[in-house]
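Please have a look at the model first.

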Amino acid sequence: MDILCAICKSWKRILSLVLPYKQPETPPPVLEESSWQSGLRKHLSIPKKQKWTETINPPFPWATCKRAKVYTIHQLLSEGFNTIGGTVQCKQCGFQRVLQFDLKEKFDEVVEFIEKNKYNMHDRAPKAWMNPVLPKCDKCGQENAMNPIITKKRTINWLFLLLGQMIGCCKLQHLKYFCKHTNNLRISAKDRLIYLTYVDLCKQLQPDLVV
């Protein structure tokens, strides 16, 4: 028994000499955030988007205080709004002028066009709406030149664009804005959004209209 104890002690001494010494692991020190790092983090934080208001100041007499909404044609005619105007600009020479449309006449034209072509459109805007024929410039004589002036989204003259069948001049972001505030599907191709805009505006003007 004494011999076995002696042998064990000898092996322990040999192993202690052969095996390398391993220092116990210690966790890395916790570094405190410096003042400039804290300031940088706050500076780079993404600011919260401001909530849009449900009502706005009506940009035109025929527009309501709600975004992308107009009064009915009955209300407008009873208030004496027989013509609807908007500003157009020549894309060739930059000349601007106010263009007037007869409300009832032009609205009837749009409704008639929809009724004649709705089964062929398949809820998509036809070429006539996608690439509208624009008025001729009175100054330089350029054909198909007078574009409607479109600036901020909430000040777009939607009724004017409808009557002149110039909604196709809007950019995709303008159409998505309209569909957003009229509860229409926004995730669609441009021809689909143009079609939805025409139909929705017609129903705003005449709520009992079936198109």
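Predicted model: local features only at pLDDT ≥ 70, side-chain atom pairs only at ≥ 80, totals over all residues.

In which loop is Lys-153 found? Lys-153 sits in the loop between strand 3 (146-148) and helix 6 (158-163), where helices (H or I, at least four residues) and strands (E, at least two) are DSSP runs, numbered from the N terminus.

Residues are numbered from 1 along each chain as its sequence is written, and side-chain values use heavy atoms, with hydrogens and water left out.

Lys-153 counts as partly exposed because its relative accessibility is 37%; on this scale buried means under 20% relative accessible area, exposed over 50%, and partly exposed in between, with a 1.4 Å probe and protein chains only. Together with Lys-176, Lys-180 and Arg-186, Lys-153 forms a positive surface patch. Patches here are made of residues with over 30% relative accessible area and no salt bridge, like charges being joined within 9 Å and nonpolar side chains (Val, Leu, Ile, Met, Phe, Trp, Tyr) within 5 Å.

Turning to the salt bridges, each is defined as a side-chain nitrogen of Lys or Arg within 4 Å of a carboxyl oxygen of Asp or Glu, and by this rule the count comes to seven. Among them is the pair Lys-104 and Asp-108, whose closest N and O atoms are 3.0 Å apart; both residues lie in helix 4 (residues 103-121), four residues apart, about one turn of the helix. Lys-104 is partly exposed because its relative accessibility is 46%, and Asp-108 is partly exposed at 37%.

Helix 4 also holds Lys-116 and Glu-112, again four residues apart, about one turn of the helix, and their side chains meet in a salt bridge at 3.1 Å, N to O. Here Lys-116 is exposed, with a relative accessible area of 62%, whereas Glu-112, at 40%, counts as partly exposed. Another salt bridge joins Glu-143 to Lys-136, with the closest N and O atoms 4.0 Å apart.

Finally, is Cys-170 buried or exposed? Cys-170 is buried, because its relative accessible area is 1%, and it is found in the loop between helix 6 and helix 7 (172-181). Leaving aside residues up to four places away in sequence, Cys-170 touches Ile-150, Trp-158, Leu-161, Leu-175 and Lys-190, contact meaning heavy atoms within 4.5 Å.

Key. Areas by Shrake-Rupley, 256 points an atom, 1.4 Å probe, with all protein chains shown as cover. Lys, Arg positive; Asp, Glu negative; His and termini not counted. Charge placed at Lys NZ, Arg CZ, Asp CG, Glu CD.
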